[in-house]
Structures are given as structure tokens and as C-alpha cells.
Amino acid sequence: MGSEATAVHLNLWGWLLLSALFLAASACSEQKRESGVAESVTMSAAEAGDANKAARAQPEIAPAKEAPVNYLETGDLQAIKKHDTIRFVNLSGASEDLLPRDGVVSLRHFELANKLAKQLKLEPKWIKAETPDQAIQMLIDGEADIIAYNLTVTDAREKVIEFTVPVRHARLILVTGPEGPDISDARQLKNIEIIIPAGSAIRETAEKIVAENPNANLTIRELDIHGNRDNLMDLINAQKNRVAILEDFAAEDLRNYRDDLRLGADVSTMQNIAWGLRKNAKRLNTTVNHFLTRNLVKAQVERITDWKGIKKSGVIRLLTYNGPTTYFLWKGVLMGFDYDLAQAFANKHNLQLQVIVVPYEESLADWLRAGRGDFAGAELNITSALEAQGMVFTKPYVESSDQVVSDKGRPPIKQIQDLNGRKLTLRAYSSFIEVAESLKNAGIDVDIRVAPPDISQSQIFSMIADGLIDATIAHSGRAKIETSVEPDLTLGTLIGDPRPQGWLVLRKNWHLLQNLNKFLQSYRKTSQYKQQYQAYFEPNKRFMRRVSSRVIPGEKLSPFDKLVKESAFKYDFDWRMIVAQMWQESNFNPKAVSPVGAQGLMQVMPATAEEMGFPPPLFEPERGIKAGVKYMDWVRDRFNPALPTVNKLWFTLASYNAGYGHLLDAQRLAKELGLDPNVWFDNVEVAMLKLAQPQYFKRARYGYVRGSEPVQYVRNISKLYKAYVEVMSDTVAFYPPIQRLPPKVHCEPGDVPEGMVHWAPAYSSP
């Protein structure tokens, strides 16, 4: 009894100590916000390196705990937010990341759901259901908010819950063991026990097979598999007369690591797989649909491939950061020195450039090594530091010195010695940390601070201009741009000689490296390169206006964002996509009129607008937007519900531009040509181009169409839409962070409670 009391006593004191530390940290953070003092971290590069190694040793996905259901909530998103949590239910619980087979446990749902929770600023809680039917009932009863699982869309389920846009599509197929029966045709099954997951929609298909073969002696057995299909396969292999029905993707996942199964005939048409939500939760439904659509549009399979693989795919991927010399948006135009050069390289080799914006808090090198891009570039100084990790730099494409930038209200830093007694705040992962350490080792009494990983170089410049921090180091070209835009910044001393900058490539991808080097050597001699260099590194007033008015993450995309959001929400479109479309249609000019008479921001024909309930003219912004978005919804609703979400979006845009009838003609022609009629890029768009040729359009129901227009229209909007999503979210689809980052600390060194540490990474890029 005494030991139990002692244990309780110690636990109580432990809880009180943790609470005190938490309150101290919170108070420190609150005091900081009230005083307006900038957040900073002050670890040395060596200490940061140790912390970085420790962080990387952790698993990529931190395991979450399953949450007991301790409240009921059947309301919409606003009601859910009052609990500060969002409850996800599936058949695996929260520990999917601890299981060995990523495909089997559907990690993609787990990652997406946690990412959604983070976007909503809610804590994710995971609940395990034994069957899909139980998960649906928990949703209806208010014990969960979202079914984040491979849930098949059926007519019966649609009567009781809402479904999101499809996250994938699947057919049901027959599966058996090595000694099992012939499963090449469901009509040949005889004396068979059909095994299906309990509480799943697969039962409807099994019952249909039994009904269609009344004399075959077929029986159905349901098995509680609890999210683990291995149990089902073990049961099948126990007897030779057993056959399972599974989704094709689930069966393929099993075959990736098991050799005791055979896949057989399809027994269903293509089915939609989606997440489930409660009825009458319009705001939550729209929010989740927009979130999933953005991620599906941006999705890119991780790959580490050679030049041959890149050419075969037709896509080359650049990893970079948002910034005025690397990659940014200005009035719908993609710009940046790294972007321009990468685009020129892609054009030379007839490749489509895909730009992947890496979150500020993560390393380009880590993303490259993980296969999330083919090459990386964002003002990277060429060093040998990454060679041990299997990466090399291209030949340089520019040279730049390091330069100090400081607050104009403080004494200028005209020479190295002026750094004595000053504080340098440096971008996490940047080579400037090493530069500053070398100054300190040379006897300069400078206080080196490393910003939190999610703080960009632009934010550091803004804090200097606001007087919150003292100074920083940047590349001289970038420093010149920032000081030209912000009058409260001043240029300081150069540090060292100009250093070469290059793109980063995996050493094993030597053929890509050769092609990049060959391109850079020749391109640097062209007049186009000289013009681009002058534009970005010797900017004139026109360029500076572009930089200062570029799209900044979290700020407005257009003057009409609020109006677009209202209409987009009403018709379940991602407002960023509508803004991208609006730029393509009118360049944000509400008075625009096309040569054929289309009007307003969305360039709707007067007759079409009248049919939508908006008689012309359409020059008033709200009227023009409402007419265009309603017409988009009308077009989208004409497509098969089973059409994959992303391709339905591209088809809708193509139809908006060229007409629904021409899209149907292009789908039919694509099928005749052996292309996929349900995929736009490189399939139906190819057929659309051919409908401008007499041998094809004379056999088309809707005749001739200038196919290059809808093809370029969709490509432009999809490219701009993806860029808007990157700028607004700074995240990449389906991917967890490469490394785990400790919680941010918002205190000055002297105010840090005992047991809390400042943390910063050591190296990568500015």
C-alpha cells in the first residue's frame, strides 16, 4: 500500500513538473508575441548537426495513438472544430505505420488524413472499426468524423452517408491459392466456398455470382479480417475449394510479398473508392473534396530513374524553393532563374517540366535522395559536402558572392570587422552557417543564430526590415533584389570571392548529369541566358515591380479571391483552380470581350450565361464569376461519375473551352487509336489534336475543332493550378516529412525552461 501511494505521489509530482514546464514555455511564447521580439534559435552548426542526426534517426511517420471515443458530434466542420480534434475511423487504427507493408495498410490514407488535420489546425485522433459497416455506423452516430479508408461507393451506402471525390478506382477480382480452382471465369466455379471480408460491399458481388450460377453449389463465408488480409489468404490456402473476392489493388499488394496466391477474372466493373462523411456536412465535405483534389492533381510517384526512364515518362521534375531568384508567380506567369533554365532544358529535350516546391523546413538533398525529384536547384553553392551521400553537382550555371544584409536603422556593416558584436540570423539548411562559423573561427566576434527551419530567406529579410533581427548573409544577387524592394534594408560587405552554384543530381543518374552539363555549357553562351541573368541579378524597375507584386504564400492570388471562393464552395470546386482558369480566360480583366463575343472574367458566351440564369452583360465581376462557375458545374455533371477525379477535372476544362460534344468525339477517337478514353494527358488530348485533321473530323459527330486550343488551355491551367497550390500550401502530395522536426521553440536563450533545447539543422541550401 505504501509503495502504491509513493508511486501515485511521484506520478503527481511528475505531472506537476511537466505542467510547469509547459506553462513556462507558453508564458515565454506569449511574452514574446506581446513584446514583438523575433523568434530565433542559437545553436552552433556543430550542435545543430548532432540534433539533425538525432531527428533523422526517427521513423518518417510518428505513430499516433488510437483515441477512445469520449464525445458524440454529428455537426459540420465548425462544430467539429470546437473539440479541437478530428476523428478518423478505419479498419487499421492509428498504427498503420508500424506494420511492414505500406501498400497493404494503405499508408496513403493515414498520411493524407493527418495532413488534412494539420491544415485544419486540429489534432487527428484515430479509431479502429472491425468492419466497413461498423465504421459507417460510427460516422452516423457521431463517434467519428471521417472514414479515411478504401470505402467502395455503392447505391446503398450513398443513401446513408456522403462520399468524397474518388481517391482511387478498383475492380473486384477472384483470388485463390496455388492449389485452388480455376478462377479464369466466374461462370466456371463449382462447389466453391467464396470468402469475403465481413461487412464489406463485396457481398453484393458475391451474391450476384451465386444467383447467376444456381446449380454450381456456391456458398459465401464472411471473415472478420480486421484490416489484415493475410488472415483471409491463410484461410483460403487451408482448403483447395476456397476462392476470395478482393479489390484488384489489395490483391496486387498481397502479391508484392506473398507467393501463395493466384489472381483471376474480374467480377465487377470499375468502382469508385472514396472517403465517407456524414450527411448534411456541406462545409466539411467541400473542404475535404478540395483537399483531396489538390493532392490528387499534385500526386507524383516517387521514383529514382535514369535518363531513359525520364524520357519514357515525358516528365522531368525540379525540386526547388519559392523565392524571387528561383521560382515564383507573378500575375499568372511562372518566373525564376532556376525555373527559366530548367524550362529551357526541358524544352530542348521535349520534356514537360514539373516543379515541386519543397517546404522551407526540409532539405532539397533529402527530397532528391528520396526520389521526389530528378534534380534540385535553389541557389545551391557547389561543395563536396554531399558527395558522401551519393549526390553531385552539375557544372555551375551562375557565380555569386556571399553578402551581408542589415537593417538600415543600425550601423552599416561595410567591412568584415564591422561584424564584431553583431548578430547574424541565418536560413536553416544554408551553407551560410558554415561561412559564419569560419568568420567566428577567424576571430570575428559575431553572434550566429539559425532561424527555425520553416522560416524562409524572404521572411528573414522582412524581420530585418521590421527591426526584429540585426543582419543576415545571402547571395549577392538575391541581396541586391531584396534591398531594391525593401528600403529599410541595406547592403553590407561581400564575404569572400564569388562561388559557383549548380544543380544537384544523384551520382547514379550519370546520364542526366551529362545532359545537364552539356546544356549548361552551351546555354551560358547564348543571348537568352544573358538576358535572364540581367533580369534576375541586375534587375531594373520593371522587374522589381514584378518581384514586389509576386504571389506570396498565404496572400491573395487575385483581386477576386473572395467572390471566387463563394461560388467555388457552392459548386464544390477548388477556388485556386477557378482562379487559374480565370487568369487563362481574362488575365483578371472583368471587362474582357473575346473576338467571338465571350464576356467577363470567365469569358462566358452570352447565350450560355442566359441558360445558366445570368442574362448578359457579364462585366460585373460577381456576375461573371457566378455564370462561369455554374457552367463549369453543369459541364462536369455530364461526365460518368466513375471517371477518375483528376481526369474529370481536365475533361471539364477542355469541354468548357471547346464544347462537350468535341470532348465526346475526342474520347471516341482515342479509343479507336488504342489510347485510354478516360485519361486526358497524352491520351484524349492526342485525339483532340487530330480532330483538326480532315481524315478524322469528317467522321466525328461534332466535326472540326481547333484542337490545339483546348489542349493548350488545359495544360496552362493545370500548370498554373499546381503552382497556386504549391504557393498556398508549401506541401507535396501524399508525402510525410523526410525528417521529424522537434517542436518549435519561441524563446530567447536565457528564457528557455530547463529541459527544453533550441534546434536547427546544419546544412543544405539557402
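Q: Ala, Val, Leu, Ile, Met, Phe, Trp, Tyr, Cys and Pro count as nonpolar, Asp, Glu, Lys and Arg as charged, and the others, Gly among them, as polar. By class, what makes up the lining of the second largest cavity?
A: The lining has nine nonpolar, three polar and three charged residues. The model is predicted: local features need pLDDT of at least 70, side-chain atom pairs count only at pLDDT 80 or more, and totals for chains, interfaces and linings use all residues. Residues are numbered from 1 along each chain as its sequence is written, and side-chain values use heavy atoms, with hydrogens and water left out.

Q: Are helices α25 and α26 roughly parallel or roughly perpendicular, and how do you know?
A: The axes, lines fitted to C-alpha atoms over the stretch in contact, form angles from 0 to 180 degrees between N-to-C directions. Here α25 (residues 660-672) and α26 (residues 680-690) cross at roughly 110° and come within 8 Å. Under 35 degrees counts as roughly parallel, over 145 as roughly antiparallel, 65 to 115 as roughly perpendicular and the rest as oblique; the two helices are therefore roughly perpendicular. Their contact (heavy atoms within 4.5 Å) involves residues including Leu 663 and Ala 666 of α25 and Trp 680 and Val 684 of α26. By class, this contact has eight nonpolar, three polar and one charged residues.

Q: Why are α24 and α25 called oblique to each other?
A: Helix α24 (residues 645-658) packs on α25 at about 125°, with the axes 7 Å apart, and the pair is therefore oblique. Phe 651, Ala 654, Ser 655 and Ala 658 of α24 meet Tyr 660, His 662, Leu 663 and Gln 667 of α25.

Q: Why is the pair of Tyr 397 and Trp 503 given its name among the aromatic pairs?
A: The whole structure has 20 aromatic pairs. Rings of Phe, Tyr and Trp (its six-membered ring) pair if their centres lie within 6.5 Å; planes under 30 degrees apart are stacked, over 60 edge-to-face and the rest tilted. The centres of Tyr 397 and Trp 503 are 5.3 Å apart and the planes at 40°, so the pair is tilted.

Terms used: Helix = DSSP H or I, 4+ residues; strand = E, 2+ residues; numbered from the N terminus.
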